[in-house]
Amino acid sequence: MNAPVVGIGAGVDGLVAAHYLARRGHRVLVLERRAEDASWSSRGWVLPRIVRDLSLERHGLQVHQPDPWITAPLPQGGRLELWRDLGRSAEAIRRLSARDAARWPEFCRRMARLASVLETLYSAPPPDVMARDLGELLKLGALGWRVRRLGREGMTDLLRILPMSVAELLDDWFESDALKGVLGAAGVMHLRQGPRSGGTAFLFLHHHVGNPPGVFRPPRSNIAAVLREVPGVEIRRGAEVARVTVRGGTATGVVLATGEEIAAPLVLSGIDPRRTLLELIDPGWLDPEVARAVRHIRAHAVAARVSLSMSRAPDFTTFAVAPSLDYLERAYDDVKYGRVSMRPYLEARAGYHRMEVHMQFAPQTPRERPWDETGRRALGDLVVNTLAEHAPGLREAIVERTIVLPGDVGNVHHADMTLDQILFMRPVPACARYRTPVRGLHLCGPGTHPGGGVAGASGAHAARVILQDLAAGA
């Protein structure tokens with residue numbers, strides 16, 4: 001049996017990393033502070049290699065691919081439905097704009113081509129741009145060749161679009177407010193920015209990775225539930241890690257909130273990097289500049305979640321209230337000044353007699369007063385009333401509701417998905433390849449490359465780096 005490993009956090013990435021290490025003979029104990037498993041499904045594309053390596057389909061992996069993949073109410077009545085079939089979506093768009101319908105297939109083709117470049121980047125640890133090692137140089141060369149194969153049009157699109165705002169991108173292509181609103185929402189999801197902020201076109205493309213052309217939302221799956229059932233990894237719930245023990249610059253294990261000490265020469269953290277490096281270890285183990293960089297990782301919490309139990313199933317699977325780019329920008333304006341958006345962007349995902357509503361934007365700490373039970377109820381009322389404007393009979397069908405505030409949700413990506421916090425800069429350059437300045441302490445959560453929305457990839461890449469280091473005796 002190889003060295004024991006302690007994992008902190010039973011999120012998707014932490015579990016994927018744990019299973020990769022367990023398959024190489026390590027005894028892995030994953031510590032999760034929550035006493036019960038989260039009930040919602042995992043969001044994000046799952047790399048085919050992870051599915052294959054961990055035999056996830058044999059263990060019951062299911063990927064939910066709704067069709068239509070999004071439904072949006074129209075101001076004049078009726079709904080816009082976008083389908084996985086490009087032709088069917090074009091016909092739906094034609095009722096709003098013949099010009100937009102004609103441009104839809106070409107737009108989808110070009111966005112899919114750009115997303116394929118990100119897919120290549122996301123399928124491996126981040127490139128080491130300072131490397132002199134031949135293997136790393138070859139990887140950088142292969143990436144350059146991949147970009148070169150896009151041709152003149154593709155390379156121009158890549159360099160031009162990534163730093164753009166998603167509003168500029170969509171205004172270039174379309175005229176329908178309803179179409180631009182429902183697409184533009186993908187560029188601000190879990191981000192404290194509006195659609196007219198620079199770089200939001202990148203996040204729009206990020207959510208397209210792994211999808212077929214014309215689908216601009218990350219898929220959902222039961223990967224977390226499957227990983228909890230796959231044998232080989234011990235998961236202890238209700239175990240909160242208070243501290244990572246360090247001696248001579250090397251991690252030696254963890255101490256739980258109960259005072260219990262667990263020794264392990266390898267500690268793998270799937271929780272957010274700021275908490276790992278500034279709270280679980282003494283920041284004195286970090287170079288002051290590294291500590292400063294970690295302290296300034298941007299990870300804003302701007303989304304709430306409202307879960308509804310229903311007496312009847314809704315007549316949609318994914319429903320977005322984002323009628324225009326201006327609507328999204330005004331929703332963002334409120335949170336800039338510490339207020340809850342009074343006309344929020346909502347995205348509801350419905351199952352059998354159950355609905356989960358993503359609400360944006362709401363501040364983690366409202367400026368006027370802290371969250372209390374009255375504010376929590378008011379947020380729930382706001383979400384239900386806004387949805388009910390577009391879904392008759394919804395309010396009467398609600399049996400029970402649960403409201404999760406932004407501070408409880410946190411930033412699901414652990415670090416904002418912005419251009420200055422991706423690739424070899426995620427979460428900070430000193431920790432970009434899953435290693436930290438403390439030997440034996442590694443990061444593997446969505447705060448590392450490739451980030452949230454690519455389920456399990458950070459964990460798989462972290463395990464790969466750890467195993468390479470162990471093989472090299474590092």
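This is a predicted model: local features need pLDDT of at least 70, side-chain atom pairs count only at pLDDT 80 or more; totals for chains, interfaces and linings use all residues.

Q: How are H3 and H4 directed relative to each other?
A: The axes (lines fitted to C-alpha atoms over the stretch in contact, with angles from 0 to 180 degrees between N-to-C directions) of H3, residues 86–94, and H4, residues 98–122, come within 7 Å and cross at roughly 155°. An angle over 145 degrees counts as roughly antiparallel, under 35 as roughly parallel, 65 to 115 as roughly perpendicular, and the rest as oblique. H3 is therefore, relative to H4, roughly antiparallel.

Q: How many nonpolar residues does the contact of H3 with H4 have?
A: The contact (heavy atoms within 4.5 Å) is made by Leu86, Ser89, Ala90, Ile93 and Arg94 of H3 and by Ala98, Asp100, Ala101, Trp104 and Cys108 of H4. Ala, Val, Leu, Ile, Met, Phe, Trp, Tyr, Cys and Pro count as nonpolar, Asp, Glu, Lys and Arg as charged, and the others, Gly among them, as polar. The contact of H3 with H4 has one polar residue, two charged and, as nonpolar, seven.

Q: At what angle do H1 and H17 pack?
A: The crossing of H1 and H17 is right-handed. Helix H1 covers residues 12–23 and helix H17 residues 457–472; their axes are 7 Å apart, and the angle is about 35°.

Q: Which residues of H1 make the contact with H17?
A: By class, this contact has nine nonpolar, two polar and one charged residues. H17 gives Ala457, Ser458, Gly459, Ala460, Ala463, Ile466 and Leu467, while H1 gives Asp13, Val16, Ala17, Tyr20 and Leu21.

Q: How are H4 and H6 oriented to each other?
A: The axes of H4 and helix H6, residues 151–161, come within 10 Å and cross at roughly 80°. H4 and H6 are therefore, to each other, roughly perpendicular.

Q: How many charged residues does the contact of H4 with H6 contain?
A: Glu106, Arg109, Arg110, Met111, Arg113 and Leu114 in H4 meet Glu153, Gly154, Asp157, Leu158 and Ile161 in H6. These divide into four nonpolar, one polar and, as charged, six.

Q: Is the peptide bond from Asp67 to Pro68 cis or trans?
A: Pro68 is found in the loop between E4 and strand E5, residues 70–73. With omega near 5°, the bond from Asp67 to Pro68 is cis.

Q: Where is Pro450 placed?
A: A cis peptide bond joins His449 and Pro450, with omega about 5°. Pro450 lies in the loop between strand E18, residues 441–443, and H17.

Q: What is the phi of Leu423?
A: Most residues other than glycine have a negative phi. Leu423 lies in the loop between helix H16, residues 406–409, and E18. Its phi is positive, in a residue other than glycine, and is near 55°.

Key:
Residues are numbered from 1 along each chain as its sequence is written. Side-chain values use heavy atoms; hydrogens and water are left out. Helices (H or I, at least four residues) and strands (E, at least two) are DSSP runs, numbered from the N terminus. A crossing is left-handed if the near helix is turned anticlockwise from the far one by less than a right angle, and right-handed if clockwise.
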